[in-house]
Amino acid sequence: MHHASTISLNPKAYRRNLRFIRHRLAPASRFCAVVKGNAYGHGIEQFIPIAEEAAVDYFAVYNAHEAYRVWMTAKQKPSIMVMGFIDDADLDWAIDHEIECFVFTVNRLISAAEKAKKIGKKALIHLEIETGMNRTGFDIEQLPDIIPVLQKYADSLTIMGVCTHFAGAESIGNFVRIQRQKERFAQACRLLTAHHIQPKYKHVNCSAGIIRYPEMNYDLVRIGILQYGFWPSMETFIEYSQPLSSKDNPLQRMLTWKSKVMNTKHIAKGEYVGYGSTYLAQKPMTIAIVPIGYAHGYSRSLSNQGRVLVQGRRCAVIGIVNMNAIAIDVSPCKNVQPDDEVVLIGRQGKHTVSVASFGELSNQLNYELLTRLPLDIPRHVDN
Ligand SMILES: *Cc1c(COP(=O)(O)O)cnc(C)c1O
């Protein structure tokens, strides 16, 4: 049976984004591709082979289930790090399969070490430091208690990394907070060094970080949104392009999400469109109904806001996004017919839609809308 929409991925766009990112890193620096949230909606099973083909050999996920999917899909035995949740019952699997994990509680640390001892392998851990995000991580004040545990279990642990995460590197409004995070991270690193604890990697930066705080790249970066061809925020793009003469976007979105026109209608001036009275036709117009809605991940916040592409033209979403349908204004197009292609995200002709048209709405919507693209939308890879 045919789905109401399909997603396709463009490996060329991915390689281009990767070149852009790698160009900003020191040659020896490692690139870790963040594929949490089903690879930001792109599909773990479809995305991993593209990344492996492009010589990516390090992946970060947020939980053990995602790690399992990456591990099942990957062909070249990449490194996989879990940045968040692992149920204690899954820790054995992780250690046995050399899955790396962030450690941010003493219990997790001891549990990992004890399990590793039993299994006869080393647990591969990243010490997460709380520097101001206030999500997970050891407080600096906790480190004097942690260090003896690390020393006691030295034979059962490999300290792969010491790391932290910036609380909003994509916005200049967080600048002062980020400076404090940098200082605390440096302080934690000094403390570990003083006790001869030498993690293999220091890692802090995410997408916005490598643009705005390149001095924090260290020897590994964890990159999500940028590799898929989206800027973390409009601001980040402005800061990047400000000193350059060209304002062309060096990134290319690798995802296209398409649907089709289901039917069309002519509407007289003065008619309301859809539920309620949020859209009033100011002139006679032609509208098309597209069979995707918030049940398919097309956010309700795009009501009267979203833009889609038909015949290479930008068309406005009018009225409320329904559970299974949207109405769009196709008045500027010529003779739109059922089955005509509708691009919800991606390129058609000369135009692209980034989710919410770039800059019109909060770019946070890019992260949210991408990751909410349902698992069951068919995804394929372009040639
Ligand atoms: C999501 C996430 C990243 C990647 O963030 P982007 O802004 O998409 O590059 C990096 N580190 C951690 C801990 C994350 O949760």
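A polar contact here is a pair of N or O atoms within 3.5 Å; within protein, one of the two must be able to donate a hydrogen and the other to accept it, and residues adjacent in sequence count only if both atoms are side-chain atoms. Keep in mind that this is a predicted model, where local features need pLDDT of at least 70 and side-chain atom pairs count only at pLDDT 80 or more, while totals for chains, interfaces and linings use all residues. Residues are numbered from 1 along each chain as its sequence is written, and side-chain values use heavy atoms, with hydrogens and water left out.

An oxygen atom of the ligand sits 3.4 Å from an N or O atom in the side chain of Arg135. For Lys36, the distance from a side-chain N or O atom to a ligand oxygen is 2.6 Å. How much of the ligand's own accessible area does the protein cover? The protein covers 94% of the 380 Å² that the ligand has on its own (areas come from the Shrake-Rupley method with a 1.4 Å probe, and for residues only the protein chains shown count as cover).

There are 13 residues around the ligand, and Lys36, Tyr40, Ser207, Gly224 and Ile225 come nearest. A residue makes that list if one of its heavy atoms lies within 4 Å of the molecule.

## Salt bridges

Next, the charged pairs. A search of the whole structure turns up twelve salt bridges, each one a side-chain nitrogen of Lys or Arg within 4 Å of a carboxyl oxygen of Asp or Glu. Here are three of them, with the N to O distances.

| Lys or Arg | Asp or Glu | Distance |
|---|---|---|
| Arg69 | Glu45 | 2.9 Å |
| Lys182 | Glu215 | 2.4 Å |
| Arg372 | Glu368 | 3.5 Å |

Which parts does the Arg69 and Glu45 pair tie together? Arg69 lies in helix α4 and Glu45 in helix α3 (residues 44–53), so the pair links parts that are 24 residues apart in sequence. Helices (H or I, at least four residues) and strands (E, at least two) are DSSP runs, numbered from the N terminus. Arg69 is buried, at 15% relative accessible area, whereas Glu45 is partly exposed at 35%. The cut-offs are simple: buried means under 20% relative accessible area, exposed over 50%, and partly exposed in between (1.4 Å probe, protein chains only).

The Lys182 and Glu215 salt bridge ties together parts that are 33 residues apart in sequence, because Lys182 lies in helix α8 (residues 175–194) and Glu215 in the loop between α9 (207–212) and β9 (220–223). Lys182 is buried at 17%, and Glu215 is partly exposed at 45%.

As for the Glu368 and Arg372 salt bridge, Glu368 is partly exposed with a relative accessible area of 39%, and Arg372 counts as exposed at 56%. Elsewhere, salt bridges that share partners join Lys77, Asp96, Glu98 and Lys121 into one network.

## A patch and a buried arginine

Back to helix α4 (residues 64–73), which also holds Tyr68. Tyr68 is partly exposed at 37% relative accessibility, and together with Trp71 and Met72 it makes a nonpolar surface patch of about 310 Å². Patches are made of residues with over 30% relative accessible area and no salt bridge, where like charges are joined within 9 Å and nonpolar side chains (Val, Leu, Ile, Met, Phe, Trp, Tyr) within 5 Å.

Is Arg253 buried or exposed? Arg253 is buried, at 17% relative accessibility. Arg253 sits in the loop between α10 (234–241) and β10 (255–260), and its side chain makes a polar contact with the Thr352 side chain at 3.3 Å.

## Strands

Strand β1 (residues 5–9) has four of its five residues buried. Leu9 takes part on both sides: Leu9 stands opposite Leu255 in β10, and its bridge partner in β18 is Val381.

Strand β12 (residues 285–290) is mostly covered too, with five of its six residues buried. Five bridges join β12 to strand β11 (residues 263–267) in the antiparallel sense, with Thr264 partnered by Ala288 of β12. β12 also pairs antiparallel with strand β15 (residues 326–329) over four bridges, and there Ile287 faces Asp329 in β15.

Terms used: Pairing = 2+ DSSP bridges.
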